[in-house]
Amino acid sequence: VLFCLVSSASSSVQLQATWVFANLSVVDELKGRIGAHEGFIPLLYATLARSAANADAHRPLRLQTIRTLANLAVDSANRPAVASGLPTAIETLVGATRDDIAQATLRLIVNLSYDAQIASDMLESQQLLSMLVRSCGSTNEAIQQEAVLCIVNLSLDERAEPKMLAEGAFPPLVAILCNGSLVLQEQAAWALSNMTATREAKMKAIELGALPTLKSLHRSSSGQMRQASTKIMNSLLSMVTPTSRKVFLPSQSTIRDTYRGRSPLVDGARMSSAHKRPSSLAAPSALGHKGAAGPGAAVNPTESSADGAEGGVGAGASSTGSQPAD
């Protein structure tokens with residue numbers, strides 16, 4: 001019955017039904033069943049496309065539709081179907097005039113980026129890369145975090161480095177590295193460490209002033225931060241003279257890299273401390289009651305809840321620990 005109500009001729013009924021699915025899709029056991037229902041995911045994308053011309057008037061419906069898609073994309077079995085509507089998701093991000101829509105759409109894209117093939121396809125969209133770079137410069141930290149997390153996952157592909165350089169990603173990433181919150185700094189460090197293999201990229205990061213900040217971050221109490229800063233400092237310091245190197249490392253020529261890890265997507269030198277799992281967005285019910293909220297985390301989110309229709313990632317959520325990506 002609920003599936004039928006999502007396509008109701010009544011806009012109010014359609015909104016209520018979609019809102020229910022935004023909550024139900026937070027439950028892991030239901031993600032696969034909902035996503036496997038024939039025609040449901042294409043119907044959600046059709047709703048976004050149909051409402052785009054009057055997006056502000058249909059904002060509540062669009063927000064819950066995007067949240068449902070983002071939640072379904074947590075389940076790896078759903079990702080190919082959800083990814084089929086990626087062009088519509090990108091168009092939604094480009095046209096977003098409200099932060100909640102932009103953040104939810106970015107979360108959808110982040111959750112899809114845990115699939116290596118989908119992430120590879122994303123690198124072919126200059127429009128998406130441009131929006132990710134633009135979002136890194138947002139004044140909304142939640143939007144910044146989603147954008148940087150997506151760049152971290154995309155950076156696991158070697159083709160990302162020249163593409164991100166061309167799109168101008170390094171200035172906002174280094175700005176976040178120098179001035180962002182600890183969470184953002186850590187993710188920016190991983191993104192830059194994965195995209196500084198070439199001389200051009202290394203020199204760009206040095207010119208933008210990354211080294212002094214990295215020296216400070218290397219003494220962080222966060223093991224993840226030390227791991228990320230170690231990797232990128234060793235890369236950047238290979239470009240400077242021995243005398244300049246001593247300014248940053250007075251007692252040794254290189255930092256001993258004692259951290260070896262596994263990224264959410266692939267094994268190898270490129271590492272990431274982005275979401276260890278994609279994360280869901282729970283929405284309050286249309287009647288004003290709080291929706292089903294899964295556990296969440298500010299640093300490594302798994303499931304996140306919103307305290308209002310305007311909300312997104314719960315900033316005060318508690319950590320559930322790190323798990324391998326689906």
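**The whole chain**

Start with the cartoon view: the chain has 18 helices and two strands (DSSP runs, H or I of at least four residues for helices and E of at least two for strands, numbered from the N terminus). This is a predicted model, where local features need pLDDT of at least 70, side-chain atom pairs count only at pLDDT 80 or more, and totals for chains, interfaces and linings use all residues. Residues are numbered from 1 along each chain as its sequence is written, and side-chain values use heavy atoms, with hydrogens and water left out.

Of the 326 residues in the chain, 53% are buried (under 20% relative accessible area with a 1.4 Å probe, counting protein chains only; exposed is over 50%, and partly exposed is in between).

**Next stop: helix α11**

Select residues 141-154, and you have helix α11. Its end C-alpha atoms are 20 Å apart, which agrees with the 20 Å that 14 residues should span at 1.5 Å a residue (that is, 1.5 Å times one less than the number of residues).

Is α11 mostly covered or mostly open? Mostly covered: 12 of its 14 residues are buried, including Ile 143, Cys 150 and Leu 154. Now show the neighbours: the buried residues of α11 pack against α8, α9, α10, α12, α13 and α14 (contact means heavy atoms within 4.5 Å).

Zoom in on the start of α11, where a side-chain oxygen of Asn 140 comes to within 2.9 Å of the backbone nitrogen of Ala 142.

**Last stop: Leu 2**

Finally, pick Leu 2, which sits in helix α1. Leu 2 is partly exposed, with a relative accessible area of 32%.

How values were computed
A polar contact is a pair of N or O atoms within 3.5 Å; within protein, one must be able to donate a hydrogen and the other to accept it, and residues adjacent in sequence count only if both atoms are side-chain atoms.
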